[in-house]
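Dear colleague,

I am handing over the structure below, and I would be glad if you kept it open while you read the notes that follow it.

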Amino acid sequence: MDKPKKKHWKIRLHDVIYEADTSAGKLFDIILLVTIIASIILVMLESVKTFDTKYHDFLNISEWVITILFSLEYIARIVTVKKPYKYIISFYGIVDLLATIPKYISLIFGGVHALAALRALRLLRVFRILKLARYLGASYTLIKALKASRVKISVFLFTVIIISIILGTIMYLVEGDEAGFTSIPASVYWCIVTLTTVGYGDISPVTPLGQFIASIVMILGYGIIAVPTGIVSAEYATQNKADKELDKNVPLNSQSCVNCMAEKHKDDAEFCYKCGYNLHDE
């Protein structure tokens, strides 16, 4: 009896890096998450001058170790796909690159502390952990709900901008320079800050009419906050119900196509639904 053919090392590595259905894939995602958190903590501690002065060498060496690990991961992701450019130009591919290069750039341009902010992009890697089986369905449902809500939310935001411009112009005419409403843009800024219930207090009305209008804007702000939440919640409930009905009949997994990197395939799928590539190609 013939022994089953072993998968090529690239396929095995791809399964570990891009998928979460296997124990090795789950372990990789967990280690990646821990490394991300460690990197974020190091960046935070490095910003504390007293701590950085005392433990600068430790922080620097630790950051280099993590940077090298992320670099190896980036290279592995490129090597294990059939079309590397698809990963390189993808959203996460760009994020991975931007999150890794600051440390290398610091070798050429020393003291460029602003580049440390780019390392915060590693936080976005956490969302890849959502590919773990228990979160897979919920993450896709939320994405679909946001996409389905984009037109309604766009109309809502456009309406809020119009309201801010109108009320800001009125406040400019009512209050004037003495109260800080020196121009229509400054008045619109006040209206947006008040409408979103932020209320910095750097500009405030002093006339009775202006205070009355401000009261209306503040009350209106509480109502406006609930609108986008309700829109997304309604779409999420609709998408969630539809996905639950679908999942009853069509179980999905986190399998990623080696050729086009498409995800969310059926458990019994032999070929990629997007490009037709054999998912079990060895």
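**Helices α3 and α5**

In this model, which is a predicted one, α3 passes α5 in a left-handed crossing. On the α3 side the contact is made by N60, E63, W64, T67, I68, F70, S71, Y74 and R77, and on the α5 side by G93, D96, L97, T100, K103, Y104 and L107. Sorted by class, the residues in this contact of α3 with α5 are 7 nonpolar, 5 polar and 4 charged.

As for the geometry, helix α3 covers residues 49-79 and helix α5 covers residues 91-108, and the two pack at an angle of about 140 degrees with their axes 10 Å apart. That angle makes α3 oblique to α5, because the roughly antiparallel class takes in angles over 145 degrees.

**Aromatic pairs**

The structure holds 4 aromatic pairs, and two of them are described here, beginning with the pair formed by F51 and Y55, which is tilted, with 4.7 Å from centre to centre and 40 degrees between the planes. Both residues belong to helix α3, and because they are 4 residues apart there, F51 and Y55 are separated by about one helical turn. F51 counts as partly exposed, since its relative accessibility is 29%, and Y55 is likewise partly exposed, with a relative accessible area of 34%.

Y104 is partly exposed, with a relative accessible area of 33%.

**The protein as a whole**

Of the 282 residues in the protein, 35% are buried. Finally, among the contacts between residues at least 6 apart in sequence, 59% join residues that are at least 24 apart.

How values were computed. Residues numbered from 1 in each chain as written. Predicted model: local features only at pLDDT ≥ 70, side-chain atom pairs only at ≥ 80, totals over all residues. Heavy atoms only, no water. Axes fitted to C-alpha atoms, helices over the stretch in contact; angles between N-to-C directions. Parallel < 35°, antiparallel > 145°, perpendicular 65-115°, else oblique. Left-handed = near helix turned anticlockwise from the far one by under 90°. Contact = heavy atoms within 4.5 Å. Nonpolar A, V, L, I, M, F, W, Y, C, P; charged D, E, K, R; others polar. Phe/Tyr/Trp six-rings, centres within 6.5 Å; stacked < 30°, edge-to-face > 60°. Buried < 20%, exposed > 50% of the residue type's maximum accessible area, 1.4 Å probe, protein only.
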